[in-house]
Amino acid sequence: MSSVVRNQGSCVAIRAFSPSSSFNRCSHGSASSDGDDATCGRPAWIGKGLTCVCFKRKGVYEGICINLTPKQEERLKRLRHRMKVYFDGSRPDHQEALRALWSATYPGKDLHGLISDQWKEMGWQGRDPSTDFRGAGFISLENLLFFAKTFSTSFQLLLKKQGGKRSAWEYPFAVAGVNITFMIMQMLDLDAMKPRTFIRSVFLQILSENEWAFDLLYCVAFVVMDKQWLERNATYMEFNEVLKSTRGQLERELLMDDVLRIEDMPSYNLLS
């Protein structure tokens, strides 16, 4: 049986259990086929009042606490709120965020208008970037702005496609950023009332340490996506496959025993 790897408040998460461990499984758990999910009873190591969701993955049981600490609940609530805000081009604060993104992306270069052909330079599909936010909402703009301000060197390298041997048909930078936000939202499954993945449990513990964990994970995801794009010598038609592979890489790194913060992820070192 693996050791206890995280302890946050009243919630203890165990990485994985072997099928032979002394885990209190539900009656139908052992009969489930690989890939099936099963809800188990309370394991011996969980105190009274806590419940556990047991996931069977290829013979390995993983325990997830669904009780959150007050800090986790507070930060999850704020992040969920951010995820639910649609981009509204009529809102002054959303307009200002767009202008701030332009200024961070092209310092010293004037923007002629919120609807302009200039936006195509950044990789939006048309003259009005607001039409591209529909999939992920305002948080995708916040993610791009965070990336531009926090890791400006990496942001500019990806924007200008300066690293490695590029394809003749490249992915549009800004639209790719929106898709990355949406991919992370799906991966973390934060809108679910109960945890359905171990990734979510791990991320919530990281979030309790750093309120900007989602935005940092976004930056890591972007550089990982571009790295895989180059390694595959991919074209735009393969973007979804690259995004799927990127998600797999993020999940593997988040589940590493020594990853307690986004900064601990091996791919974080790609940022500059």
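Which pattern does the protein chain follow when read along the sequence?

**View 1. The whole protein chain in a predicted model.** Read along the sequence, the pattern is β-β-β-β-β-α-α-α-α-α-α-α-α. That comes to eight helices and five strands. The protein chain has 272 residues, and 51% of them count as buried. It exposes about 13,300 Å². Carbon and sulfur atoms supply 51% of that area. Now take the contacts between residues at least 6 apart in sequence: 60% of these join residues at least 24 apart.

**View 2. S140 in helix α3.** This helix covers residues 138-150. Is S140 buried or exposed? S140 has a relative accessible area of 0%. Buried means under 20%, so S140 is buried. Look next at its side chain. A polar atom there lies 2.6 Å from the backbone oxygen of G137.

**View 3. The neighbours of S140.** Which residues does S140 touch, leaving out those up to four places away in sequence? They are F133, V178 and T181.

**View 4. A nonpolar patch on the surface.** Three residues form this patch: W169, Y236 and M237. Together they have about 360 Å² of accessible area.

**View 5. Y236 in a loop.** Where is this loop? It runs between α7 and α8. Helix α7 covers residues 213-232, and helix α8 covers 239-254. Y236 has a relative accessible area of 31%.

Definitions and conventions:
Residues numbered from 1 in each chain as written. Predicted model: local features only at pLDDT ≥ 70, side-chain atom pairs only at ≥ 80, totals over all residues. Heavy atoms only, no water. Patch = residues over 30% accessible without salt bridge, like charges linked within 9 Å, V, L, I, M, F, W, Y side chains within 5 Å. Areas by Shrake-Rupley, 256 points an atom, 1.4 Å probe, with all protein chains shown as cover. Salt bridge = Lys/Arg side-chain N within 4 Å of Asp/Glu carboxyl O. Helix = DSSP H or I, 4+ residues; strand = E, 2+ residues; numbered from the N terminus. Buried < 20%, exposed > 50% of the residue type's maximum accessible area, 1.4 Å probe, protein only. Polar contact = N/O pair within 3.5 Å; in protein donor to acceptor, adjacent residues only side chain to side chain. Contact = heavy atoms within 4.5 Å.
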